[in-house]
Amino acid sequence: MSLASTASVKAPPSLLARLFARQELALLVCLILVIVFFSVTAENFFSMRNMTNVLGQASLALTAGIGCAIVFISGEVDISIGSLLATIALPLIIIMNDTNSLLLGVSGALLFGLIIGAVNGYLTAYAGINSLIVTLGTMFIMRGGVYLYTGQRAIPDDASLDSFIALSDGRLFNIIPYSAVIAIVLLAAFAYMMRHRPFGRQIYAVGGNPEVARLAGYDVRRVKFICFIISSLLATVAGIILAARVGSAQHTAGLNFEFQVVAATVLGGVSLAGGIGSLSGMALGVLILQFLSNGLRGLGLPTEWQLVITGMIIIAAVAFDEAKRRRAIGG
Amino acid sequence: MSELTHASAPRRFIGGQLLGSSQLVLGVILAVLCIAISIAAPQFYSEANIIAILRQCALVLIVASGMTMLIITAEVDLSVGASLAFVGCIGMAVLNSTHSLALGMLAALAFAGGVGLFNGLVVTRLRVNSLIATIGTMMMLQGGVYLFTREAVQNHNQLTSFTDLGAGYVGAVPVPVILAALIFAVAYVTLRFTTLGRYLYAVGANEKAVRLSGVRSERLKLFAFIVTGLCVGVAGMILSSLMNAGQPTAGRGFELTVIAAVILGGTSLLGGRGSLFGTLLGVLVLKVIDNGIIILGWNQDLQMVVPGVVIILATYLDIIRNRANVR
């Protein structure tokens, strides 16, 4: 966003430069390049089945990434989402095993997520503790709590409800995985909120300049508080999908998940400094990383190489973006 | 985030006092912990237990010394855990093939210092946010260590000098503790009594002002990254000596423990504020908690829960104290 505006202040740049100044477009070109590259080199990559599979795999990071991006835009960070994935699976699975009701299980999980988000949000927005410290703390507390409660064993889903299993392997019209549908619907709804609803604009204002936002009459603390609740609730949805996929509450679920999501979000052009970025950028960041790891697997590369290459690409992409930004400003 | 700066940043800098407010809070927490644990379990004060605590502190303190410098310059390094594991494997492999502790140590320091240099260059030259840059490096190292070795690199050299590195004693003090004390002392003197140290604070507090006054701020940050890397090199060798193998899975979550200790010690993530003495207290608090949980026979999974509570609580108490001071 800021890129487009800084670019337009200068003398009219060429069409190509103008196109590339749009963060999302540059990301889209990257995504297409990745897909084209692997379609040519990897077998069975460019098939309907594989494409929709990747969408299904990406749905976790997409859903949680919405919350991550919103918290970033509000000028804070939330790194507790990985541990949250493991935590909310407990009420989900336990309630479902007891009551045989998906609705009750999901409600229980969402309630848990709501409480965690409220704690993170309260400690950050109202108690004034740095959000990295708060969510680092709750990350430890939740992971340790899950280990304590489960004795480091997985709790299997004994209810085996059809509706729950459908979350992992069901497909809309037999094509798109339900998990991807959920992610896309949530993405569209929140993207609309961020762009067109007053609350979305408030989040940008609060993240961009809290002092100005306060003078403009926005309740900065309340906005940040709600952002943390949104983040935790969306991570809860991702946790429910993950629990359906593995068919149990795993104590190790979501380890390092926060790093993946943060990396994809920043790759998508959402700034850690707040006020900058878009959900569509975040979504493209997630898809690029997901198609990349799927394609590398398709080439027969071991997981280790995927890690190495993903790490390099994250650094390169952010460095490239930074260079572009400086050129735009420096003229 | 912004409130934190408003509330506390200006006050801390003025005084040359030995104990900042957060150190005082931490000191009290530490004292209460020690008293409470020793009442519940008298063996807490046995010589063997104190040495065990110190030995566990050593690893964290070594890396935390570098990390404190780095965070004071307003950067952070999340790759230290992954680097720790990789260094142990490389050091052990070099030891096995050369049978020379000096060469093994050199290889470990060169590798870890190289990782620090890489991180520093990416952050200062390419201007990548250090949180993201070092997440990237972390992934590369985690993948890379498995490409280097699929399983643990066993100790085939049986060098006594290498075993002493982790398990040896000088008098009654374990070697790792002595190494940690040395590194801590050098870092402490550098930060507190040298121009370089003052510049490190200045870069973190206001990088632009430092640059305008003619100092190359990038070099200072690069320096802090390399120092952090070298500390990881030393810690990695000690760890592989203690485990008698280079474990590719070692060091998972180590970066978070180190950062938690530094933050707990009152060093601000926003840069420009903090002290090594606080870090020492932070490390001690975390490790005394760990130890207390073990000797009280509590569930060891509490070793994750309690530090989480302590980090949040200590930071909150610090904020309350600062608010009271401002009034």
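Let me begin with a definition: two residues are in contact if their C-beta atoms, placed from the backbone, lie within 7 Å. What we are looking at is a predicted model, in which local features need pLDDT of at least 70, side-chain atom pairs count only at pLDDT 80 or more, and totals for chains, interfaces and linings use all residues. Residues are numbered from 1 along each chain as its sequence is written, while chains are lettered from A and ligands numbered from 1 in the order in which they are written.

With that in place, I turn to the interface, where 39 residues of chain A are in contact with 39 residues of chain B. On the chain A side, helices H7 (131–150), H13 (257–267) and H15 (303–330) each supply at least two residues, and H7 of chain A gives the most, with 14 residues. Helices here are DSSP runs of H or I with at least four residues, strands are runs of E with at least two, and both are numbered from the N terminus. By class, that side of chain A divides into 25 nonpolar, ten polar and four charged residues, where Ala, Val, Leu, Ile, Met, Phe, Trp, Tyr, Cys and Pro count as nonpolar, Asp, Glu, Lys and Arg as charged, and the others, Gly among them, as polar.

Now to chain A as a whole, which has 15 helices and four strands, and whose C-alpha trace spans about 65 × 55 × 35 Å along its principal axes. Of its 331 residues, 53% count as buried, a term that asks for 20 or more other C-beta atoms within 10 Å of a residue's own, whereas exposed means 12 or fewer and partly exposed lies in between.

Is A:Gln152 buried or exposed? A:Gln152 counts as exposed, because it has 11 C-beta neighbours inside 10 Å.
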